[in-house]
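Please look at the sequence and the 3D structure shown here, and keep both in view while you read the explanation below.

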Amino acid sequence: MLILSIDTSCDETSVAVTDGVTVLSNVLWSQASLHAEFGGVFPSLAKRAHEEHIEWVIKKALGTSKKAIEDMDAIAVTIGPGLAIALEVGINKAKELAKKYNKTLIAVNHIEGHLLSPLAVSKNSQPTTHNQLLFPALSLVASGKHTDLIYAEKIGSYKIIAHTVDDAVGEALDKAARMLGFGYPGGAILEKIAKGGNLMRYSLPIPMIGRENQMEFSYSGLKTALYRLVENQKPLTKQKVADIAACFQDKAFTHIERLVKKALKSYKVKSFLFGGGVSSNVELRNRLRKICKENGIQLLVPYTKKLCTDNAGMIGIVAYFKHQRNECLNPDNIDVVDRVPRAKIDQLSPWQL
Ligand code: KG4
Ligand code: ZN
């Protein structure tokens, strides 16, 4: 089952070719450097950059997979959540290809992509577990924009059980890195620096401590406490920075652990799926793996870091399962497909099938 997938939800132009859950190619063109001077993603710039690059990214994805567009069984595209005018570029291109080559179109939710990304396998290996046996599952999607704890009863059936009321965990890590004088992506930089730090040296609050019943993530209080600590500790030395980074990361992750433990008490699950940019973090992976072990379940993470950040490979995985459920649109029907910038994984538009 060959699928060409496109994701232009934010500042990465990505196209992938997948065969079932096997990723044949997953090409990313990152615009991050274009937006750096704005301190965030500048929408009209993102749209233009997607338009300028999408054609060669498609070509490269097909070339790497050694397949032609005519070989594809379907075209898949992210319809949200994301930046409206950026999403539009991918959607228009997907519609154009579906019409031109008479292919089925599959509309995919970006968060579902992160959620199912641990099910992807590389072309050099065989799928080992029967995917349906992993469900019901609990999933954490942690990125620069999302911190969602999701109960996945089965593939395609989801319930958000906790989300963030302010910053996403990746966003908090990025802001912390900036306060300590580092660039982007802050999460990866902090992870490295924290390794040489003493997390006991300073005291920072664990977010929402004692209020875990609310099942909410919140990082703004921890961020403010960090700001005060950094101001108090100036001038910063290399060791102070490492200790502060270790302490901040510890508190940010302890918050996640506490909610995950709470959720595992209420939901009987067979596995834990961890996706999104923050899922590359080895420390958080280890903490979650320990909790999973205590609960007798398996932790699954994407097989490569490329599948953790925004990418189209994960969109192809979702599309494969949607195709199996016949949740596709034929070429005469695809004009109903539209961007859904605030798409929720548990609420679908009627045409979203
Ligand atoms: O999924 P992603 O590429 O884009 C969004 O949808 O936001 O996630 C980016 C986020 C950034 O906040 C970045 O700091 C974080 O993922 N990140 C990490 C690591 N690598 C990237 N966070 C913690 N540890 C890492 N190793
Ligand atoms: Zn994402």
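The paragraphs that follow go through helices, cysteines, backbone geometry and one lysine.

This is a predicted model, in which local features need pLDDT of at least 70 and side-chain atom pairs count only at pLDDT 80 or more, while totals for chains, interfaces and linings use all residues. Residues are numbered from 1 along each chain as its sequence is written, chains are lettered from A and ligands numbered from 1 in the order in which they are written, and side-chain values use heavy atoms, with hydrogens and water left out.

Helix 8 covers residues 238-266, and at 1.5 Å a residue its 29 residues should span 42 Å, which agrees with the 43 Å between its end C-alpha atoms; the expected span is 1.5 Å times one less than the number of residues. Of these 29 residues, 22 are buried, so that helix 8 is mostly covered, where buried means under 20% relative accessible area, exposed means over 50%, and partly exposed lies in between (1.4 Å probe, protein chains only).

Next, consider a pair of helices, helix 5 (residues 169-179) and helix 6 (residues 186-194), whose axes come within 7 Å and cross at roughly 65°. The axes are lines fitted to C-alpha atoms, for helices over the stretch in contact, and the angles run from 0 to 180 degrees between N-to-C directions. On the side of helix 5 the contact (heavy atoms within 4.5 Å) is made by L173, D174, A176 and A177, and on the side of helix 6 by G186, G187 and L190. By kind, these contact residues divide into four nonpolar, two polar and one charged, if Ala, Val, Leu, Ile, Met, Phe, Trp, Tyr, Cys and Pro count as nonpolar, Asp, Glu, Lys and Arg as charged, and the others, Gly among them, as polar.

Why does the structure hold zero disulfides? A disulfide is a pair of cysteine sulfur atoms within 2.5 Å, and the sulfur of C10 is 17 Å from the closest cysteine sulfur, in C308, which is too far for a bond. For C308, the closest cysteine sulfur is in C292, at 16 Å, and that too is too far for a bond. C10 counts as buried at 8% relative accessibility, and C308 is also buried, with a relative accessible area of 0%.

The backbone deserves a careful look as well, because most residues other than glycine have a negative phi, and most peptide bonds are trans. G80 and P81 are joined by a cis peptide bond with omega about -5°, and P81 is placed in the loop between strand 4 (74-80) and helix 3 (84-101). Another cis peptide bond, with omega about 0°, joins F135 and P136. N102, although not a glycine, has a positive phi of about 55°; it is found in the loop between helix 3 and strand 5 (104-109) and counts as exposed at 58% relative accessibility.

Finally, K95 has its place in helix 3 and counts as buried, at 13% relative accessibility. Leaving aside its neighbours within four places in sequence, K95 is in contact with L105, I334, D335 and V337.

Key. Helices (H or I, at least four residues) and strands (E, at least two) are DSSP runs, numbered from the N terminus.
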